[in-house]
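Good morning, and thank you for coming.

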Amino acid sequence: MESAATASVIHSSVAAFRPSNSVGRLPLLMGPKFLPLGPLGAKSHSSIKHQFLNSDGRLGFGRRRCLVVRAASSSSDSLGSSAPIAPLQLESPIGQFLSQMMISHPHLVPTAVEQQLEQLQTARDAEEKKEKEEASATGTDLVLYRRIAEVKANERKKALEEILYALVVQKFMDANVSLVPSIAPAASDPSGRVDAWPSQDDKLERLHSPEAYEMIQNHLSLILGNRLDDSTSLAQISKLKVGQVYAASVMYGYFLKRVDQRFQLEKTMKILPGSLGGEDSDIEKAVGEDKRPGGVDNSASHPEVSSWSGGLGSGGFGNLIKPSRLRTYVMSVDGETLQRYATIRSREAVSIIEKHTEALFGRPDIVITPQGTVNSSNDEHIKISFGGLKRLVLEAVTFGSFLWDVESYVDSRYHFVTN
């Protein structure tokens, strides 16, 4: 069973968001079964996939500019001042309306979303009825009708994406957690470091179940290695690579919430398989099988750890992976189910990840040469503390978890997720 689950881990680039057939694939980073991403501090980007290519041969996280939503602070002492509440600007009429609602009447956002979804459903029903009536049209009229229908469908899709994004931002606001603004050196910091934002690790931790947070801790260990508890040391890292890890962590959080919901349900119903209903010693034994001499432990060569933390201690990387009930549960799931859970279900969710990541990190100035190699000479490097990196990863995982929640909620009222 474990081998079937392991076989379902999808080995694709963390940055390769391909919304083909309305799905995105998730690179699972759970214990030693993970995807190598390439050295984060190195200047070689040979592992970058061509899905990043724009029409001019440049690489980017999406097709959006780096923008922010400006909002008035809710505190009385700073009323009227502007502050970023999210790195991505909402541009559709519905998105701008919800942005203003989050500023002025955040408690009314759910009601406003319900009304907007009803209007979208009404518009879609009317469009489908109109298509049936115009099925007999021919020639130029038919082309015109189809073009108008396509424009309206794209408008609804954009509005739906921005509703989803606004709901994710609203969940962060409800938790009193501010999203990291667009990455740029702080003017007040002469060292040029970009992480001037406050640490909110405790708040972010409380947004996950204890079992899920154990998995998140292992995810952080895979990325930061023995620098996990080092919050002050600075590192100079490729901005593109940090963006790739952020996007991968969003996708990981999406998967983690999905599988944790199933785990919590089976735990409540007392139908967890085998040793998962037992004591911690059973869990340690199950996880220990992954570290057995002669077993495969790909984590020993995790490239992010070697580049961010400057190498591991003598204990090796495997010692950083702690026993986890949820991880053991994931490894017990059959391969087909695990692969389904590792799929982002809608094009809208994939698009949100792309656009949010680009708004946060900007579009990297990377060019693919005619020979097919990557010219990274203009790749920007940023100076950031390991505490800042931890905050970014925690936020990204939480963003993915919230994205799963709001996608499910919206789909129950306005069906758009493809089975």
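Predicted model: local features only at pLDDT ≥ 70, side-chain atom pairs only at ≥ 80, totals over all residues.

Residues are numbered from 1 along each chain as its sequence is written, and side-chain values use heavy atoms, with hydrogens and water left out.

The protein has 13 helices and 8 strands; these are DSSP runs, numbered from the N terminus, with helices being H or I of at least four residues and strands E of at least two. Of its 419 residues, 51% count as buried, where buried means under 20% relative accessible area, exposed over 50%, and partly exposed in between, using a 1.4 Å probe and protein chains only. Among contacts between residues at least 6 apart in sequence, 82% join residues at least 24 apart. Contact here means heavy atoms within 4.5 Å.

The expected span is 1.5 Å times one less than the number of residues. Which residues of α3 are buried? They are Val109, Ala112, Val113, Gln116, Leu117, Leu120, Arg124 and Glu127. Their cover includes α2 (93-104), α4 and α13 (386-411).

Helix α4, residues 139-174, has 36 residues and reaches 53 Å from first to last C-alpha, close to the 52 Å expected. After α4 comes Asn176, in the loop between α4 and α5 (201-205). Asn176 has a positive phi of about 60° although it is not a glycine. In general, most residues other than glycine have a negative phi. Asn176 counts as exposed, at 53% relative accessibility. Lys270, in the loop between α7 and α8 (280-288), also shows a positive phi of about 60° without being a glycine. Lys270 is exposed at 75% relative accessibility.

Next, the packing around helix α10. Helix α6 (residues 210-224) and helix α10 (residues 325-332) pack at about 85°, with axes 7 Å apart. Axes are lines fitted to C-alpha atoms, for helices over the stretch in contact, and angles run from 0 to 180 degrees between N-to-C directions. The two helices are therefore roughly perpendicular, the term for angles of 65 to 115 degrees. Glu211, Ala212, Glu214 and Met215 of α6 meet Arg325, Leu326, Arg327 and Val330 of α10.

How do α7 and α10 cross? The axes of α7 (residues 239-268) and α10 come within 10 Å and cross at roughly 95°, so this pair too is roughly perpendicular. On the α7 side, the contact includes Phe255, Leu256 and Val259; on the α10 side, it is made by Arg325, Leu326, Tyr329 and Val330.

Finally, consider the loop between α10 and α11, where Asp334 lies. Asp334 is partly exposed, with a relative accessible area of 31%. A polar contact of 2.8 Å joins its side chain to that of Thr337; such a contact is a pair of N or O atoms within 3.5 Å, and within protein one must be able to donate a hydrogen and the other to accept it, with residues adjacent in sequence counting only if both atoms are side-chain atoms. Thr337 sits in helix α11 (residues 335-341) and is buried, at 11%.

How values were computed:
Parallel < 35°, antiparallel > 145°, perpendicular 65-115°, else oblique.
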